[in-house]
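Reader: I have not looked at this structure before. Please take me through it in questions and answers.

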Number of protein chains: 2
Amino acid sequence: MRFGEGVEWGVHVCALLAAAPPDRGLSAKALAEFHELPPAYLAKHLQALARAGLLTTSRGPRGGYRLARPAGEISLWEVAEAIEGSGPAFRCTEIRQRGPCAASAKACIRPCGIAAAFAAAENAMRKVLEKITIADAAMQAASAADSRQMAAFRAWLVRAAT
Amino acid sequence: MRFGEGVEWGVHVCALLAAAPPDRGLSAKALAEFHELPPAYLAKHLQALARAGLLTTSRGPRGGYRLARPAGEISLWEVAEAIEGSGPAFRCTEIRQRGPCAASAKACIRPCGIAAAFAAAENAMRKVLEKITIADAAMQAASAADSRQMAAFRAWLVRAAT
């Protein structure tokens, strides 16, 4: 059970956009450059975040990517789901209905207990990630940064923001 | 974020072994037949469960796979981890230490807040799955079965158990 690397990238990128001036956009190229991420792969994930309504994108002067909502209203769960797709982590294929001792369809009206257990577990995980927002992630990153890093960040933003 | 199908198979197989007579084994072939699973793929997962110390396997008369511990002492988490491997669901690759505004190694002594958030979420999921055992899964399956299915199961065991 793994989150793909796109989830790590997506959360970091959203936290970066949360720290950018709200009237400025950041290009896909700048977002890739910031964490030295492969531009083509990152672009795919940025498009997924935009499709999910978490980012907006526009062309022209002051174009680029921005958060579509305040950072405090975007949860880590939403970012993970945008990147990885929705649907349960445990996909029940109803193997109890197969084989020489198959359960009848009638006996399987209720979900399989095994699938229900994994759904409860995923729900517990989801609840944690729903409570943590991009604003939390951005604040945590800022509070960990030293003055040298903050100065480099401000200088980079001046260069990179459209 | 997905559990592989091997996790579904592994939990069902362990629940099946929990329902088998404790002095009998079930062959990899019989375990595959029970849920119509592809034998070669299932064999790989059975070997992983054995390596993790959840199943024992022996050759000869009365050989085959058995649970290595009482079903009430094997959690769904252990089965999932045996199949999928251990290690965090969210792999932090420290991208905060890359790029033009990289955090210094000194500023990164504490884990990245994003990785910490995902670790807390995984921990919540793990806690749920640690509390649910193979005995629970087997009991739930038995309680959902009707008399026709139970009779078919008993007849199958007589044929299949070594």
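Salt bridges and the interface

Author: This is a predicted model. In it, the side chains of A:Arg69 and A:Glu78 form a salt bridge, with 2.5 Å from N to O.

Reader: Is A:Glu78 buried, partly exposed or exposed?

Author: Buried would require under 20% relative accessible area, and exposed over 50%. A:Glu78 has a relative accessible area of 27%, so it counts as partly exposed.

Reader: What is the N to O distance in the salt bridge of B:Arg69 and B:Glu78?

Author: B:Arg69 is partly exposed at a relative accessible area of 28%, and B:Glu78 is partly exposed at 27%. Their side chains meet in a salt bridge, and the distance from N to O is 2.5 Å.

Reader: B:Arg126 and B:Glu130 also meet in a salt bridge; about how many helical turns separate them?

Author: The N to O distance of this salt bridge is 2.7 Å. B:Arg126 is partly exposed at 32% relative accessibility, and B:Glu130 is partly exposed at 37%. The two residues are four apart in helix 5 of chain B, residues 113-131, so their separation is about one helical turn.

Reader: How many salt bridges are there between chain A and chain B?

Author: Over all chains the structure holds six salt bridges. Between chain A and chain B, however, the count is zero.

Reader: Which helix of chain A supplies the largest share of the side that touches chain B?

Author: Several helices of chain A each supply at least two residues to that side, among them helix 1 (5-19), helix 6 (134-144) and helix 7 (147-160). The largest share is 11 residues, and it comes from helix 5.

Reader: How many residues on that side of chain A are nonpolar?

Author: In total, 59 residues of chain A are in contact with 59 residues of chain B. On the side of chain A, 11 are polar, 12 are charged and the nonpolar ones number 36.

Reader: Is A:Phe90 buried or exposed?

Author: A:Phe90 is in the loop between helix 4 and helix 5 of chain A. Among the residues it touches are A:Phe118, B:Phe3 and B:Val7. Its relative accessible area is 7%, so A:Phe90 is buried.

Technical notes: Residues numbered from 1 in each chain as written. Chains lettered and ligands numbered in written order. Predicted model: local features only at pLDDT ≥ 70, side-chain atom pairs only at ≥ 80, totals over all residues. Heavy atoms only, no water. Contact = heavy atoms within 4.5 Å. Salt bridge = Lys/Arg side-chain N within 4 Å of Asp/Glu carboxyl O. Nonpolar A, V, L, I, M, F, W, Y, C, P; charged D, E, K, R; others polar. Buried < 20%, exposed > 50% of the residue type's maximum accessible area, 1.4 Å probe, protein only. Lists of a residue's contacts leave out its neighbours within four places in sequence.
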